[in-house]
Amino acid sequence: MDTYQNDNPHQLASAAVVVGVDGSEGSDLAVRWAAETAARRERPLRIVHGLDITATRSLLGSYDVMVPSVIDAIRTRGMKVVADARRLAHEVAPSLDIATEISETSAARVLIHHSKTANLVALGATGTAGTIAHLGSTLLAVASHGHGNVVVVRTAGTEQPLRHDGPVVVGIDGSPVSETAIAAAFAEASNRKTDLIAVHSWSDWHFGEFAGHLNVGLVGPDQETAEDAILAERLAGWSEKYPDVTVTPEVCAPSPRDQLMSRSKSAQLIVVGSRGRGGFTGLLLGSTSNFLVQHAHCPVMVTHPA
């Protein structure tokens, strides 16, 4: 079982892996990933579906006569979605302790609520179940405003949509949020018995495009050496705590997004902070995290500081 930050409510023995479902292909992939993760961590799995009844009533407007039958149909479909997800999770991990929940509120609201105490919250990267139950419409809201670790489960785009080999990759930009991402990445690499690649960028600039020049002279050997030392210092304490994890540090100047996107083609998990340098509470995802949760070739874990 994962053990980092024992005083963290997300690490309590009672903290479940929570997965949001909507019956879509992306949702099914998230259920598989969440069931595997819960079984590996020896944690219960909680399957959650949001009906968003308020939105339905508002959508129907003056057609009051239709409201009861439409809401009954939504509830019936919700029960099927949750039952199908439960069967799928049991296929993946037959002995898994599974609880289910159908909420009257929206998927985003219920998942953000559960993220306060969940070990992690997972949801699929796509949804095709219609506007009301569409997980895709809530993806950025949950990833941006959730608590703890939120995982957007993205397919590898191969015959095996979930990659079970390859390293864990963490993006580090030097902001305070990075420390939370580093902690989660080491725990994930240890739990998965795999290597960790730590990609550090000290700039979000695309130097090759700056002022039309390939090299504007802003980064030299001294800067690179200093950043190598900063990265080594950031990783040292965590390497001592997780001696079983082999770490490969990589320092890059421009475009951390491109570096991490490229790594996602062979990684089994990308870990990033919810905000980058200069981020503030309430800001939506940093540009790199925002891009990855929508385009990466593997699941992306977005970490939020306590």
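Guide: Buried means under 20% relative accessible area, exposed over 50%, and partly exposed in between (1.4 Å probe, protein chains only). The model is predicted, with local features requiring pLDDT of at least 70 and side-chain atom pairs pLDDT 80 or more, while totals for chains, interfaces and linings use all residues. Residues are numbered from 1 along each chain as its sequence is written, and side-chain values use heavy atoms, without hydrogens and water.

Visitor: Why is Asp-84 called partly exposed?

Guide: Asp-84 has a relative accessible area of 28%, which lies between the limits of 20% and 50%, so the middle class applies.

Visitor: What makes the contact of Arg-87 with Asp-84 a salt bridge?

Guide: The term requires a side-chain nitrogen of Lys or Arg within 4 Å of a carboxyl oxygen of Asp or Glu. The N to O value here is 2.1 Å, so the pair qualifies. Both residues lie in helix α3, three residues apart, about one turn of the helix. Helices (H or I, at least four residues) and strands (E, at least two) are DSSP runs, numbered from the N terminus.

Visitor: Which partner does Arg-75 have in a salt bridge, and which parts of the chain does the pair link?

Guide: The partner is Glu-104, with the closest N and O atoms 3.0 Å apart. The pair links distant parts of the chain, 29 residues apart: Arg-75 is in helix α3 (residues 67-92), and Glu-104 is in the loop between β3 (98-103) and α4 (107-114). Arg-75, at 32%, is partly exposed, as is Glu-104, at 41%.

Visitor: How many salt bridges does the whole structure hold?

Guide: The search finds eight. One of them joins Arg-257 and Asp-258 at 3.7 Å, N to O.

Visitor: How do you know on which side of α9 the buried residues lie?

Guide: In α9 (residues 287-295), Thr-288, Ser-289, Leu-292 and Val-293 are buried. They cover an arc of only 125° around the axis, which means that they are on the same side of α9. The arc is taken from the directions from the helix axis to the C-beta atoms. Their cover includes α8 (256-263) and β9 (269-273).

Visitor: What describes the packing of α8 and α9?

Guide: The axes are 10 Å apart, at an angle of about 25°. Angles run from 0 to 180 degrees between N-to-C directions, and axes are lines fitted to C-alpha atoms, for helices over the stretch in contact.

Definitions and conventions. Contact means heavy atoms within 4.5 Å.
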